[in-house]
Amino acid sequence: MYETGFASQPTSTSRDDGLTLIDAYISATVRCAPPDNKPLPEEIHNCRPYLERELELLKDVRVIVALGKLAFDGYLRILRDAGRITRRADFVFAHDREHRTGPGQPVLISSYHPSQQNTSTGKLTAEMFTAVFVRAKRLLLHQTR
């Protein structure tokens, strides 16, 4: 995020180290790391109100980057249940793919999750991950609401 201007410094080691986000907010579909990093449906369901409330409170959201299929599906379910999209199945997850969910809604970018499993196997490289945020920055700079 630092390389693309969304963070004030390249690393963070504590909550008091001076890191600030710029035109960005980080949230999560699930609030805790479950065993084997595989949340149960009820864990996703129980955490959903927190994400919904954060989305309500954020103003002028123009781009959402979903890190992983879990985040992608969770966000689309929120849109579907709110009547903003008709079918979740109309959107296919892929890395660095741009999704238009409707007029006046944020552009959704899907990305592989930067988990150790994905980065150590090469499924997601640093260059691939940076490309997602380059896309997000480009969309922010060229979008009007």
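Visitor: What makes the span of H2 close to the one expected?

Guide: This is a predicted model, and in it H2 has 13 residues. The expected span is 1.5 Å times one less than the number of residues, which comes to 18 Å for H2. From its first C-alpha to its last, H2 reaches 18 Å, so the span is close to what is expected.

Visitor: Which residues of H2 are buried?

Guide: They are Phe72, Asp73, Gly74, Tyr75, Leu76, Ile78 and Leu79. The word applies because each has under 20% relative accessible area.

Visitor: What do the buried residues of H2 pack against?

Guide: Their partners are helix H1 (41–57), strand S2 (97–100), strand S3 (107–111) and S1.

Visitor: Where is Gly68?

Guide: Gly68 sits in the loop between strand S1 (63–67) and helix H2 (69–81). At the other end, H2 is followed by Gly83, whose phi is positive, near 80°.

Visitor: Which residues is Gly68 in contact with, leaving aside its neighbours within four places in sequence?

Guide: Phe93, Ser111, Tyr112 and His113. They count because contact means heavy atoms within 4.5 Å. As for Ala24, that residue is 44 residues from Gly68 in sequence, and their C-alpha atoms are 17 Å apart in space.

Visitor: How do you know that the chain agrees with a compact globule?

Guide: Let's set the two values side by side. A compact globule with 145 residues would have a radius of gyration near 15 Å, and the chain has 15 Å, so the two agree. Along the principal axes, the C-alpha atoms fill a box of roughly 40 × 40 × 30 Å.

Visitor: How many helices and strands does the chain have, and what pattern does it follow?

Guide: There are four helices and three strands. Read along the sequence, they give α-β-α-β-β-α-α.

Visitor: What share of the residues of the chain counts as buried?

Guide: Of the 145 residues, 32% count as buried. The chain exposes about 9400 Å², with carbon and sulfur atoms supplying 53% of that area.

Visitor: How far apart are the mean positions of the positive and negative charges?

Guide: The chain has 20 positive and 17 negative charges, and their mean positions are 6 Å apart.

Definitions and conventions:
Residues numbered from 1 in each chain as written. Predicted model: local features only at pLDDT ≥ 70, side-chain atom pairs only at ≥ 80, totals over all residues. Heavy atoms only, no water. Helix = DSSP H or I, 4+ residues; strand = E, 2+ residues; numbered from the N terminus. Rg over C-alpha atoms; globule rule 2.2 N^0.38 Å. Buried < 20%, exposed > 50% of the residue type's maximum accessible area, 1.4 Å probe, protein only. Areas by Shrake-Rupley, 256 points an atom, 1.4 Å probe, with all protein chains shown as cover. Lys, Arg positive; Asp, Glu negative; His and termini not counted. Charge placed at Lys NZ, Arg CZ, Asp CG, Glu CD.
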